[in-house]
Every structure is written in structure tokens, then in C-alpha cells.
Amino acid sequence: MKLIFMESPLMDWKKVLENETTLDPGDWTEIEVLGQKMVTEMVDYLQYIDQEPVWRKPTDDLKLYLKGKLSEEGGDLEKIYADFKQYILPYPAGNINPRFWSWVQGTGTFTGALADMLASTLNSNMAIGDHAAMYVEQQVIEWCKELMGFQDESSSGILLSGGSMANITALTIARNAIDPSIRKAGVQSWPKKLLFYASSETHSCQEKAAEIIGIGSQGMRKVAVNDRYEMDIHALRQMIEQDLSAGSQPFCVVANVGTVNTGAIDPLAEIEQICKEFNLWLHIDGAFGALTKLLPEYNEKLEVLSKADSLAFDLHKWMYLPYEVGCLLVKSKKYHRDAFASQPSYLAMHERGLSAGPDPIGNYGMELSRGFKALKVWFCLQEHGRKKYEDMIRQNIAQCLYLADRITHENELELMAPVPMNIVCFRYRAADMDQNQLNILNKEILMQLHEQAIATPSYTLLNGSYVIRVAHVNHRSKKKDFDALIAGVLDIGRRLRR
Ligand SMILES: *Cc1c(COP(=O)(O)O)cnc(C)c1O
């Protein structure tokens, strides 16, 4: 049989090919000049970022501009860059500013930005193939293991877009480690209800993960915490025993190293003991807090970190790398690979040529096409060295302790949680106000801090109290920035009380 490649062609391809085109610039010199201008102007911008307001409300003008329709014919690059400078650059979230401590958002570095430019130039797809970038990622994973003391020969790791992806990847591996048949038959065919345990202070991404991996948010059992917001180990044991006698199947405990609200560290040694006793996977969410592993002062608390079955942490938070990059380390490479490996004919490895090389990274996670985010890690870790990160993280914690100390010495302020690392929760207080009035007052103080561009801490609720929350992963903050925060809170609080 002779195949006819196209019965009635959709186009006159011979005509189309008379004028072959590309997206490369018509004039490379022009883009080189523009690129150099961009670098110069961004260096300038970042160098003087402390003179910019920490937040500027996006204007109506900007919102209108960003509703413009897509052009048919394209436009001038200089003009697009000018628009970027007019409408986008002046209105950042502010996490590059020394007075920013909202949510847990990292600061980034200019080296990271430059490395991103190099990575995008190469445009390496980090799924498969025998090319240098694949070996860079391997080296970066080895460095991450070294930093976390996760150096088993049989361990593995992968770079992901962030903590949420690292955690769901870990929970998928933990779930599939129960029995290889789960990958095929799904949880619906499993005879028992599958459960994992995490403290009530655990980040919401774990609950989302529970929903996505098919056990439902009810499959995540929330364990009570003590007054330091750490998992109550007796409550954990009790829950596991009750669930077992009810016929359910516990499979994993997620322990926090640095809860998102207060930075609490769950009692790792006790949790590890329970995991051993009940044969449960120990996963640690150390999104930012795992990086305290770099500090000898945290050694004792974090001894168990390197014994976990899996460990998730972000590099875009407390390693100051530009978004996005997180990391998952897994004790057993076999479980890791068994959870995701898939080798269709079009991804099969060859003995030689481009299709040889390291085991495709797609065998270790959900994503196939992946960016070369390893390069910025590779650049920054080499530039600064391990010690510099240790010093930087210690400085952040010391600044938080300074802030907490100042709060405890101010009559009108109240520290609302312990400060085990880099999060400080506090509020303005007034003896004559009830809880509800204090909540309203402190929310107003926070919004005014932002609007007046004094500083941008964030907020949370702790036992029903609205608190101002400083989550500090900012390498640009100085002591004086925290003084400005205190002065601002006192000033706004007093004015509102008048
Ligand atoms: C930030 C955070 C996450 C989620 O990480 P992303 O990088 O934002 O996806 C998970 N757990 C904790 C404790 C976090 O602080």
C-alpha cells in the first residue's frame, strides 16, 4: 500500500516556503545594545532598591494598559521595554525590598537573574538527553544532599517549581511505596482507607496534595499542637491507634521543620520513633526551615532530618534564589523512581548519541519538560559558598530575635508566639479592647503599614487572634528596617486609638 501523505493539503506549502522566516532578531547588534541597556538599568534598579517604596498600589492607568489586546503585527521591542519600565517595574510585590517580610517570599539575587538569562539562552529541556545541563542538575542535587546531610548512596532528588510540588511529589512516592499495585489500580481499589498525619499548623499544600493523590482532604489527619505550635506527639499516637483499630491504613507522617505560621519545629525524634514503630513513611516539610540545617546551633534539633524518608525544601525562600526552584530529596531512589518511571518508545534511552546520558529526570516526577533552573542554583552556590548562606540565615534569625526583643520591651506591643527561627508574630495591644476590637485594629494597622509603604509584614490568625507576622528570608534587611517597622506600628496604633 502506498501512503498518500496528504489528500488535500491544507496549505500551498511550496508558496509558504518561498519566504522562510524565524523569530531571531533581524539585527543582532540592536538586541545586543538593548540587552546591555537592560542589564545596566536593572543593576541600577536593584542597587538602589532600598530607596524605592516597599509597595505601590497598582494604578488604574496600569490596569487599563494591561487590558490591551494582542497585536496582530507585533511591535517595537524598545517600546515594549519602555512600557515594562512604565507600567510593571515600579509596581513590584516588593520582596526585593529590604522592608518586605510578607508570606514567605524570597529576595532573589542578581547573579540568579543573570544565570536565568544564560539558562534561557541555552533553553535546555531538563527532561532527557546527554547534555551538560543534565549533569549540572545532578551536581546541584548532590550539593543539596550535602547541605541537608542526606548522603546515602541510594538516595535521590529532584528540583521542582517549589515546596508545593516537592510535597505532593513526596506524598505520591509515599503512597505508591505502600504497594506497587496502587500505581496501576489506584486508591479506589485499595481495601483500606489511606491516611497520613500532619499537625494542624501544616501548610495548606499538604491538604491539596491529599485531594490530588486520591485520598481526599479527609485522608489528611490533622494532629493537635502544643502551646509552641509543635505537633502533640501523644495526640499523634492516639490518632494512629484509633485509626488502625477502625480498620484504616496510616501510611505517612508529615513533620514540619518551620511551620508557615510561626516557624515551629515538630518533635522530630519522637515522630521518627512513631514512624518506625508503625512502619510509616516520614516526610519532612522544611520549605524554609530545613535551611537552618546549615547552622550548627540547630544540629541537635534537626538530627533526624537526614533520616527522613523524604525531605522537601525551597531554594527560592531561604536560599535567596529567584523563583522558581524547590527541591525534594528521597532516601530510596528505588521508591522515587518506581513512583514515576515511564518509558514510552519516544523517550527510550539509547546507547550513544543525544538519547544516551543520565536517567531521564522525567522518571522522577510528574513533569516532563522542565526548565534549566539548576543553573541559577549552580551559579549562586558556587559564588557565595556554603558558609555565606550559613551566615546569612543566622543574620536573619538574629534580626528576628532583635525584633522580638524590641517587641517585648514595648508596652503597647505583644509577642504572640515563640520565635524558634525566622518568624515573628505580634500585635498592638490595648488593655481596654476585647479580642474582636484588637483584631480589627491590628488588621487596620497592617493595611496602613502597606499603604504608607513603611514595611510589608503579613498576617495570620493564631488561636483567633489577628497577628502581624514577619516572615524573614530577606538578605537585604538591616536592623534599622525593623526599627522602622516598630515605629510605624506604634505610630499608626496610637493614631487609630485617638
Ligand atoms: C511556602 C511553603 C510551602 C509551599 O511552597 P511553595 O514554594 O510556595 O510552593 C509549603 N510548606 C511550607 C511550610 C511553606 O512555608
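A salt bridge is a side-chain nitrogen of Lys or Arg within 4 Å of a carboxyl oxygen of Asp or Glu. By this rule, the count comes to 30 salt bridges. The model is predicted: local features need pLDDT of at least 70, side-chain atom pairs count only at pLDDT 80 or more, and totals for chains, interfaces and linings use all residues. Residues are numbered from 1 along each chain as its sequence is written, and side-chain values use heavy atoms, with hydrogens and water left out.

View 1. Helices are DSSP runs (H or I, at least four residues), numbered from the N terminus. Lys276 is exposed, at 58% relative accessible area. Glu272 is buried, at 11%. Buried means under 20% relative accessible area, exposed over 50%, and partly exposed in between (1.4 Å probe, protein chains only).

View 2. Glu390 is buried, with 7% relative accessibility. Arg386 is partly exposed, at 40%. Salt bridges that share partners link Glu297, Arg386, Lys387, Glu390, Asp391 and Arg394 into one network.

**View 3. Arg56 meets Glu52 in a salt bridge.** Here the N to O distance is 3.4 Å. Arg56 is partly exposed, with a relative accessible area of 31%. Glu52 also counts as partly exposed, at 30%.

**View 4. The largest pocket holds about 800 Å³ of space.** On a 1 Å grid over the protein atoms alone, a pocket is an open set of points where a 1.4 Å probe fits, with protein on both sides within 12 Å along at least five of seven lines. The volume is the space filled by probe spheres set on the points. Lining residues have an atom within 4 Å of a point. There are 31 of them, and Met42, Phe84, Leu89, Phe110 and Ala113 lie nearest the centre. Helices α2 (28-47), α4 (77-88) and α5 (110-122) each supply at least two lining residues.

**View 5. Glu30 is an exposed residue of helix α2.** Its relative accessible area is 57%. Glu30 and Asp152 are 122 residues apart in sequence. In space, they are 51 Å apart, C-alpha to C-alpha.
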